[in-house]
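Open the model in your viewer and keep the selection panel at hand. The stops below say what to select next and what is there.

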Protein chains: 2
Amino acid sequence: MNNNFKILFDYIRLLIDIPKIDQEICQEYFKPFSITKDTIIEPSGKIPEYHNFIVSGYMRNFYTNEQGLEITTDINDGPRFFTSYNHFMHKTPSNENLHCITDCELLRIKRDDVDVTAKLGITQMKYTIQVLQQQLEKNKQRAIDHTTLSAQQRYVKLQKEHPAIIQNIPLKYIASYLGINPGSLSRIRNELSN
Amino acid sequence: MNNNFKILFDYIRLLIDIPKIDQEICQEYFKPFSITKDTIIEPSGKIPEYHNFIVSGYMRNFYTNEQGLEITTDINDGPRFFTSYNHFMHKTPSNENLHCITDCELLRIKRDDVDVTAKLGITQMKYTIQVLQQQLEKNKQRAIDHTTLSAQQRYVKLQKEHPAIIQNIPLKYIASYLGINPGSLSRIRNELSN
DNA sequence: GAAACAACTTCACAAATGTGAAGAAATTAA
DNA sequence: TTAATTTCTTCACATTTGTGAAGTTGTTTC
């Protein structure tokens, strides 16, 4: 089996067992896709075309606010799924750009194919529920963190939980994701190093 | 039909159609429950026993942090479901207290009964997916709001989107929910009124 | 390798929010 | 209704973070 699919299945198995039939469906519909760094694979304003699984690499979601400033709403590294679920599922134009920060290896499935596979089995529905729950908790925790932690504490927490992200992507994206001014983040980093 | 169930079904119909059979299942398993104000119906440390639908009234979720301070993580009014989904579904002890701030009318279903009804139909699964998606978006937006908005802007937004909450529950809960010191919130309210 | 560009840091100052105490107002209990 | 309790406001001052400019470092491109 292709190593990318091994990574995908290992990732899915963290939540549920995958019957052989579903593995075959995955291998039929998910297509490997390599992108070079600094590419937007799903632009805002368009209905997302693919459901993406990051095999390796770093990606982010961002939108441009009224002042023309980029706001990074999510940063992820592989292995994991990374899609604007809401717009993908409801077939509505996304308000976010899905941006490959580094070179990335993906496995992706077309939205129309998801419609097909969704009809096939209960496995996918159960998995969807689990993924949504997991994602919901992540967002909830992020909201709580931003409600209760200082800018410095948020940075320290990210550093502790996702050191790879801090080491591998530009600080300006991290600052935006954490809701900290880049200059302030520099000062915080400086204070922490003393 | 009992008026409480009418409110429940109208609420569910915002997302999906409810086949008659599912309505009957609901009426069999959901039980009316009235609580007086200032009661904790699901305490932290215990596995949530019920899936709750608020017919009317105001509720919040809170936990107590290391400093012994209450952190309000969610505030809701009816009609809507309000349960610690994650702990309810995984049967793990909750880290939050489900608190009826005012007198409340609920419809609630026991966890074991959810296990039974879950096996009955695809309707419930589809509905669960929709609710999770909706909740996920809400949490995501809350995280973004706390990342990009000032304390004053967060208060104004809550006031605009949920005026009833501000008018009907103690400000200290709102301050905690918004991540603002009660004294600072008073000042902000004062500045806004000038 | 030099030039051009982007990313990061540093600084002085400004603005927003936190803190804790004291008092006013509102609510609840007796 | 009065007393007790809780909630809310106000204040002076401390702390944190934002702002914009300037300079440094690093990276890309030709």
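Which residues are closest to DNA strand D? Select the strand and its surroundings. The closest residues are Ser150(A), Ala151(A), Ser184(A), Gly183(B) and Ser186(B). In total, 17 residues surround DNA strand D. A residue counts as near the strand if its C-beta atom, placed from the backbone, lies within 6 Å of it.

Before going on, note the conventions. This is a predicted model, in which local features need pLDDT of at least 70, side-chain atom pairs count only at pLDDT 80 or more, and totals for chains, interfaces and linings use all residues. Residues are numbered from 1 along each chain as its sequence is written, while chains are lettered from A and ligands numbered from 1 in the order in which they are written.

**Stop 1**

Colour by element. Helices (H or I, at least four residues) and strands (E, at least two) are DSSP runs, numbered from the N terminus. From chain A, helix H6 (151-161) and helix H9 (182-192) each give two or more residues to the surface near DNA strand D. H9(B) gives the most, with six residues.

Now colour by class. The surface near DNA strand D has six nonpolar, eight polar and three charged residues. Ala, Val, Leu, Ile, Met, Phe, Trp, Tyr, Cys and Pro count as nonpolar; Asp, Glu, Lys and Arg count as charged; the others, Gly among them, count as polar.

**Stop 2**

Hide the rest. Chain A has nine helices and eight strands. Its radius of gyration, taken over C-alpha atoms, is 18 Å. The C-alpha trace of chain A spans about 55 × 35 × 30 Å along its principal axes.

Buried residues make up 29% of the 194 residues in chain A. A residue is buried if 20 or more other C-beta atoms lie within 10 Å of its own, exposed if 12 or fewer, and partly exposed in between, with C-beta atoms placed from the backbone.

Pick Met125(A), in helix H5 (residues 122-148) of chain A. Met125(A) counts as partly exposed because it has 15 C-beta neighbours inside 10 Å.

**Stop 3: where the chains meet**

Bring chain B back. How many residues of chain B are in contact with chain A? The count is 22, and they meet 22 residues of chain A. Contact means C-beta atoms, placed from the backbone, within 7 Å. On the chain B side, strand E5 (70-77), helix H3 (85-90) and helix H5 (122-148) each supply at least two residues. H5(B) brings the largest share, 16 residues. By class, this side has nine nonpolar, 10 polar and three charged residues.

Zoom in on Leu136(B), in helix H5 of chain B. Leu136(B) is buried, because 22 other C-beta atoms lie within 10 Å. Beyond its neighbours within four places in sequence, Leu136(B) is in contact with Leu132(A), Gln135(A), Leu136(A) and Asn139(A).

**Stop 4: the axis**

Superpose chain B on chain A. A rotation of 180° with 0.0 Å of shift along its axis does this, at RMSD 0.0 Å. That is the relation of a two-fold axis. Finish at Ala143(B), whose C-alpha comes closest to the rotation axis among the residues of chain B, at 2.0 Å.

Technical notes:
Two residues are in contact if their C-beta atoms, placed from the backbone, lie within 7 Å. The radius of gyration is taken over C-alpha atoms; the globule rule is 2.2 Å times the number of residues to the power 0.38. Copies are superposed by least squares on the C-alpha atoms of residues with pLDDT of at least 70 in both.
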